[in-house]
Amino acid sequence: MTSSLLPRGRRKPDEFIPPLLRPLIRAYVLGYASAVTPRILTLVLRYVTRRRSDKGAANVTQPHDSFFVSLQRILRGGLELQRFPTFCAALIGGTTLLEVVLGRALSRLHWDQLTTLTRNRLSRCLSAFVAAWLSLRLLQSKKSDSFSETITVNSYSSDNKQETIRYAGRTLDLTLFAGTRALDVIIGELWARRKQRRIATGLWTQVESLISRLTDPTVFAASSALIMWAWFYSPSKLPKAYTKWISSAAAVDLRLIEALRRCRKGEIRYGEETGQAPLLQSMCVDYKWPPEWGDPAKAIPFPCEIVHMGCGPSCEYHALSRFYRSFKWSMITYLPLNILARQKNLKGLRTAFFSAARSSSFLAAFISLFYYGVCLARTRLGPHIIGKDAKSRQTIDQGFCVGLGCFMCGWSILLEKTARRKELALFVAPRAMATLLPRRYSLEKQWRETFVFAFSTAVVFTCVRENQKRVRGVLGKVLESVLEA
């Protein structure tokens, strides 16, 4: 009845593909688009920027030629076997194809104690587990210079041999993403069942309701704290692109960050001459401050105005200034994206503006709260709690001030809508977990990561087929549409 009402000319693009192969084709196309599109956009932006800078120059052939060479390299690179598109096709296609095979095998075993629902669930779970294991092994089989090291092996002969050691960890981000999603599914399902029972018996409390509302903000705040701490003290634990974006948003003088890092390492000690004065004294010259401010032997501690970087001595004014500047910087990014995603009428433009303003306010508050947390620890609260002597000041600048900023910044998520909080919490949680693990580890232990990924994928895929709403956010909708025959 419904299909007869649809226009005859309107058909799905994959209608002529056999139903069993549709998930595989969809997954490959989606994986190829997600892998190639960001790189093409980056290439186009670089090309446009270069053309503007070279405008009026006589020789512009080389950049034009290099653009098409790079474009071909990107398009061909996505077609390689050990790339993300093939991984997606193997994962989704392998799951759907194996489910049919395993379902028939289980039905022939004649296990009377297993219901039809249990057999279907078992076949889905096993097929997803096997497909996830094999597809991740496909990605892990690709060799990478970043995860290998050549060492010299001493031998009894005069010639020393070179040996290449391979490390695991190349797919760690993907595994943590799957693990985070699986935990969200399991914990969310257990909590939903508990809530249903408590409401039915009239025992659901306001405290439990508050926990439900604050779970996503708490996850985001805790994850942001770990990420910001890693960005400040261990940037190598974060992806380079992620570190670069945070540095761009923070707009901070790198000499200030280096000074606080040296305080943590004990290289800068207040009241002692350790030869570290030139670092901050160069900032004093650039910002026209007294040179004594940058000398840790004389300035105990160095004034908070150095943290403000030219905004004056007031910590509160600096926080407001940071909010204003960060809001403008964010609107330049968010407003065009929101306009493109909305209808091109007055209502759509108004919705786009308010949505961009809300997201920009969140990011601006994130940045300003981080800086104000540092100021609270250094000037407003820290000295009154820890102490004002040189040892206490050293303790504050060794990590307490940065730690308070990391703790405060993530709570800016409360400015976002509830649905947006959920997406952001699930986005940053895997990256926060990655800061607690080594980026490279022994190849002998790689099976553990593969098992975690396969098990997590089996949990998520099985849940999508039975209760799609439990897989929260955009991922649940995407997986449901891709897995649909």
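Modeller: Welcome! A salt bridge is a side-chain nitrogen of Lys or Arg within 4 Å of a carboxyl oxygen of Asp or Glu. Keep in mind that this model is predicted.

Biologist: Why is the contact between glutamate 189 and arginine 470 called a salt bridge?

Modeller: The closest N and O atoms of glutamate 189 and arginine 470 are 3.1 Å apart. The cut-off is within 4 Å, so the pair counts as a salt bridge.

Biologist: What makes this pair a tie between separate parts of the chain?

Modeller: Glutamate 189 lies in helix H6, while arginine 470 sits in the loop between H17 and helix H18, so the pair ties together parts 281 residues apart in sequence.

Biologist: How do you know whether arginine 470 is buried or exposed?

Modeller: Its relative accessible area is 18%, and buried means under 20%, so arginine 470 is buried. Glutamate 189 has 23%, which lies between 20% and 50%, so glutamate 189 is partly exposed.

Biologist: And aspartate 397 with arginine 378: why is that a salt bridge?

Modeller: Their N to O distance is 2.8 Å, and the limit is within 4 Å, so the pair qualifies. Aspartate 397 is in helix H15 and arginine 378 in helix H13, so the pair ties together parts 19 residues apart in sequence.

Biologist: How many salt bridges does a search of the whole structure find?

Modeller: The search finds 21.

Technical notes: Residues numbered from 1 in each chain as written. Predicted model: local features only at pLDDT ≥ 70, side-chain atom pairs only at ≥ 80, totals over all residues. Heavy atoms only, no water. Helix = DSSP H or I, 4+ residues; strand = E, 2+ residues; numbered from the N terminus. Buried < 20%, exposed > 50% of the residue type's maximum accessible area, 1.4 Å probe, protein only.
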